[in-house]
Amino acid sequence: MTTATSARKRTTYMLNMGPQHPAMHGVIRLQLELEGERIVAVDTEIGYLHRAFEKHAESETWNNVVPWTDRLNYVSPLINNVGYALAVESLAGIEVPERGQYIRVIASEISRITDHLTCVGASAMELGSFTVFLYLIKAREWLYQLVDNLTGARVTTAFTRVGGVKGDLPPGFEEKVLAVFKDIRAAIAESDTLLTKNRIFMDRMEGTGVISKEDAVAYGITGPFLRSTGVPYDVRRAHPYLVYDRFDFEIPVGTVGDNYDRYLCRLAEIEQSMRIVEQAFKQIPAGKHSLEPHEIKYAYELEDMGKHGDTKLIEKYAAKVDQTLDGMGREAFGDIKAADRAVTLPAKEQTYTNIEGLMNHFELVMWSWGIKIPAGEGYSAVEGGNGELGFHLVSDGGDGPFRARCRPPCLYIMAALPKLLVGSMIADVVPTFGSVNMIAGELDR
Amino acid sequence: MSAASMRGEVRSVPAAGARAALEGLKAEGYGMLVDMTCVDYLPMGKTPRFDVIYRVAKFDLEGGHDKGRVELHCAVGVEPVLRSAADLWPIADWLEREIWDMYGVGFTDRPDIKRLLMYEEFVGHALRKDYPIAKRQPLIGPKSGDKSGSPSFNIVKPTVTGE
């Protein structure tokens, strides 16, 4: 009898959401204090996916950190690759040739589309529209195939190098991208028809997870989340890096800063990203990305020529390399990589056929011999899928970072989660959390 | 170049004047704490060994332009000497927790500080330069609910490898 009375007196109770919960994409724990179905307090516990990115980076060489950056925001890995490479280059004052910069832009924008498609698709699924999820994930898969074509991997891309990118665009890439964009526009239009005016969807999204401009800025929130409140801040426009100042694109903004605005912002940004890629293909300086069969020789044939002293003959041919090394030969070299022998690997023909090229290659890949970045500190940021993705790098003049700090954009949104949730119903956790687009790899590093 | 404008103006203040400098920046309109981090200069022989770095930005809310950034370095040791900035920018709460977690640099005038990314039982501060990368941590089991002093607290179960 006494227990029943005390139970009746209790007005609030605790509920754990996560670390393993179907509506939490990624492992995170929310401890909710509830009064009925209304949320009184939220305690967020993060760190379940901590992989010591920053500690590892300190023990690696400059280029070896690039694969680690794939795992930060694993939905848009190419943007992380580009962001890290830009930070190192700004520290060392390395300039990437124009074609390389355009390739980075194209890669980043394709990644941004995959990021937004995942976010919109997953949050739609959590609200019950599984069809939209399938449409958008199918569209994402087409883009992943393009990324696979470009980098050799769907997600673990490791595409950039300090001073350039791994390889040139594969043959016929532009046509493939433009064909996929047509399909993506159709998929977006379909999802738009299914969701945007859908009464159930709007009821769940409109007026939930509202944050004001001032609060968003105070919490350091950037990206689509900040833009949904009406602040048109975009790193691509505010601090144009690479060649972003040459494109004509709009920055979609919302008005109230609720979940529905964020959904609309992301849909509009997908279209803008596609526009940027299309313009980039029009502007990109020509490069030679495919060779005629009579121009190619196997590496061992080139080596034999070198042994026989036929050095004049070697120069006529390009090396036939493994598929994974496509686009790294002499034909593309000058267009995509900085012409600095202390930074970028020599073209494969050089490595295979002469001792200078071989030594150059070895010295760059050997521990404590590799790229030396002058001592100093620097910060550089790019517009990631979730906002400003910054890298603060410290170099002591060695061949690896002394300190590599990643500014993960979604940490800031997660910190503001109590602000978004307190006072709303427990059902609002799902759409709000979906629109935060929390990526645990980036949040926990 | 964009990188220079991203970094903004680099300033350095002694830890005692940090709070006044931050308040000044906030009053000047630097509304966003873009980042807050720490660097351990132990191998370089700097004293005090840490630099806590505040990165603040001034925004034009209507146009979305970045009207300037400041990178503020404060040299600190292990003792908590910096006052918390959580009342100026609420995000500083989590960033201070991360710095405490990774470097063991504390902050005063804030309620409680607990680790952000690591678990409470973690020993040491992982990003310090004298923390070896291959260091092992004591295994922790599920909490028995006993007090931390009691012999049954977090009993380490024997594993196949005997660790």
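**Exercise 1.** Which residue of E9(A) does A:Gly378 stand opposite?

*Solution.* In this predicted model, begin with the sheet as a whole, in which three strands of chain A are arranged in the order E8-E9-E10, with antiparallel pairing, as an open sheet. The edges are formed by E8 and E10 of chain A, each of which pairs on one side only, and the twist from one strand to the next averages 15°. Next, turn to E8(A) and E9(A), which run antiparallel and are joined by eight bridges. Within this pair of strands, the residue opposite A:Gly378 is A:Leu393 of E9(A). Finally, look for what covers these strands: helix H4 (residues 77-92) of chain A lies across E8 and E9 of chain A, and its direction makes about 150° with E8(A).

**Exercise 2.** Determine which element gives the most residues to the side of chain A that touches chain B, and describe that side by residue class.

*Solution.* Start with the extent of the contact, to which chain A contributes 37 residues and chain B contributes 30 residues. Then list the elements of chain A that each supply at least two residues to its side: helix H2 (53-58), helix H9 (213-218), strand E8 (376-383), strand E9 (388-395), strand E10 (403-407) and helix H18 (409-415). The element that gives the most is E8(A), with four residues. Sorted by class, the residues on this side of chain A comprise 18 nonpolar, 10 polar and nine charged.

**Exercise 3.** Describe how helix H12 (residues 259-283) of chain A packs with helix H20 (residues 429-436) of chain A.

*Solution.* Two quantities are needed, because packed helices are described by the angle between their axes and the distance between the axes. For H12(A) and H20(A) the angle is about 35° and the axes are 10 Å apart, and the crossing is left-handed. The residues that make the contact are A:Asn259, A:Arg262 and A:Tyr263 from H12(A), together with A:Pro431, A:Thr432 and A:Ser435 from H20(A). By class, this contact has two nonpolar, three polar and one charged residues.

**Exercise 4.** How many helices and strands are there in chain B, and in what pattern do they follow along the sequence?

*Solution.* Chain B has three helices and six strands, and along the sequence they follow the pattern α-β-α-β-β-β-β-α-β. Of the 163 residues in chain B, 34% are buried. Among the contacts in chain B between residues at least 6 apart in sequence, those joining residues at least 24 apart account for 49%.

Notes. Residues numbered from 1 in each chain as written. Chains lettered and ligands numbered in written order. Predicted model: local features only at pLDDT ≥ 70, side-chain atom pairs only at ≥ 80, totals over all residues. Contact = placed C-beta atoms within 7 Å. Nonpolar A, V, L, I, M, F, W, Y, C, P; charged D, E, K, R; others polar. Axes fitted to C-alpha atoms, helices over the stretch in contact; angles between N-to-C directions. Left-handed = near helix turned anticlockwise from the far one by under 90°. Buried ≥ 20, exposed ≤ 12 C-beta atoms within 10 Å, placed from the backbone. Pairing = 2+ DSSP bridges.
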